[in-house]
Amino acid sequence: MTIDQARLEAFVGKMVADMGAAISAPLVRLGDRLGLYKQMAGAGPLSAEQLAERSGVLERYVREWLNAQAASGYVDYDPATERYTLGDEAAMVLADERSPVFMGGAFDIMSAAFADQDKLLDAFRHGRGLGWHEHDKCLFSGTERFFRSGYNAHLVPEWIPAIEGAREKLEAGARVADVGCGFGASTIVMAKAWPNSRFIGFDYHEPSIAAARERAAEAGVGDRVEFQVAGAKDYPGRDYDLVTFFDCLHDMGDPVGAARHVRESIDDDGIWMLVEPFAHDSVADNLNPVGRIYYSASTMICTPCSLAQEVGLGLGAQAGERRLRQVATEGGFGRFHRATETPFNMVFEARA
Ligand SMILES: C[S@@+](CC[C@H](N)C(=O)[O-])C[C@H]1O[C@@H](n2cnc3c(N)ncnc32)[C@H](O)[C@@H]1O
């Protein structure tokens, strides 16, 4: 064995940075849950005592937490005044749930991944799947919070207009099925924007459907939105104008079967809108920071979810356009193209 000292040091340095990010993750979640970031947002420089008082948290904990935040580069520390500032840009990411770049939900998802390690160990060892419903429950609310930012920012102004004729149908009054809807974030965003249309969200996970119903009532769109427990291959209804799948096809055991069911449930002029995590076609091209997050989540959440279901295709969260086109074609769709994309998502339009 010949050790290249420079490469060794570089690798150790990389791991030290990664250890810092990993050990800091629960602190981000604590800051989120205790309202520490929200208290700091727009408040200017604060001492540990001031933040402790505002948030009702023990000062000694707050001081240590603030030092960890400063060491992470999330807040600025002024040694002369011993005050800490959460910059406006950091506040958009950590404090403002309505910002397009809010990332608090990602840390709920990570928390579920840590909590579910023993189940994953068992699944890996014995070649079993791990259903969506078998995860720690912070995965469900975390997924809603994580994806909602992108849906709020892009769905109405960019994604729907990128699909030929979709906006016109929604404005005139369309029948829409949102499959694998989770807590209904995407369903509710669409329902708010297009009051003439009727939306029905389906998901096999009963607690998510219960949460989605509550969210719709809170949002005041209960008159045009309904949620039902149903799987992607057996949800009821025909002649939908638009069927949407947001970040869920790759979680399914039988994506081809789901595509076939979509094809049967839309009319000949109907549209299947498929939103999937951004990915290139080859593994080598996905070896970047976004691909790293998605491959990791895919290993612990998406792939085990698919393997727990019928067929168990295990598409993975980085399937890429070529593979997704194959699924749509096998499901009976003649046309399939990428309508638009963001750094986190690709939006596809499939038609008969
Ligand atoms: C990553 S989450 C996305 C949820 C939601 N679309 C969103 O964007 O917030 C995947 C969802 O797919 C659902 N799911 C998985 N397999 C399913 C199936 N075969 N039929 C219906 N829903 C399914 C899960 O219960 C989960 O809510």
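A residue counts as exposed when its relative accessible area is over 50%, as buried when that value is under 20%, and as partly exposed in between. D223, at 55% relative accessibility, is therefore exposed. Keep in mind that this is a predicted model.

D223 has a partner: its side chain forms a salt bridge with that of R224. R224 is buried, with a relative accessible area of 15%. Searching the whole structure turns up 26 salt bridges, and here are some of them:

| Salt bridge | N to O distance |
|---|---|
| E144 and R215 | 2.7 Å |
| D223 and R224 | 3.3 Å |
| R338 and E341 | 2.7 Å |

What does the E144 and R215 pair tie together? E144 sits in helix 8 and R215 in helix 11 (residues 206–219), so the bridge joins parts that are 71 residues apart in sequence. E144 is buried at 8% relative accessibility, while R215 is partly exposed at 24%. Both also belong to a network of salt bridges, whose members include R29, D32, K38 and R148.

Now for the nonpolar side. The largest nonpolar core has 62 residues, and M40, L155, I160 and M273 have the most contacts inside it. Helix 8 (residues 138–159) gives this core its largest share, 8 residues. At least three residues come from each of domain 1 (5–94) and domain 2 (104–351). Leaving aside residues up to four places away in sequence, I160 touches several others, among them L155, W194 and M273. There's also a second, separate core of 32 residues, including F202 and F333.

Definitions and conventions: Residues numbered from 1 in each chain as written. Predicted model: local features only at pLDDT ≥ 70, side-chain atom pairs only at ≥ 80, totals over all residues. Heavy atoms only, no water. Core = buried A, V, L, I, M, F, W, Y, C linked by side-chain atoms within 4.5 Å. Buried < 20%, exposed > 50% of the residue type's maximum accessible area, 1.4 Å probe, protein only. Helix = DSSP H or I, 4+ residues; strand = E, 2+ residues; numbered from the N terminus. Domains from an automatic or database assignment. Contact = heavy atoms within 4.5 Å. Salt bridge = Lys/Arg side-chain N within 4 Å of Asp/Glu carboxyl O.
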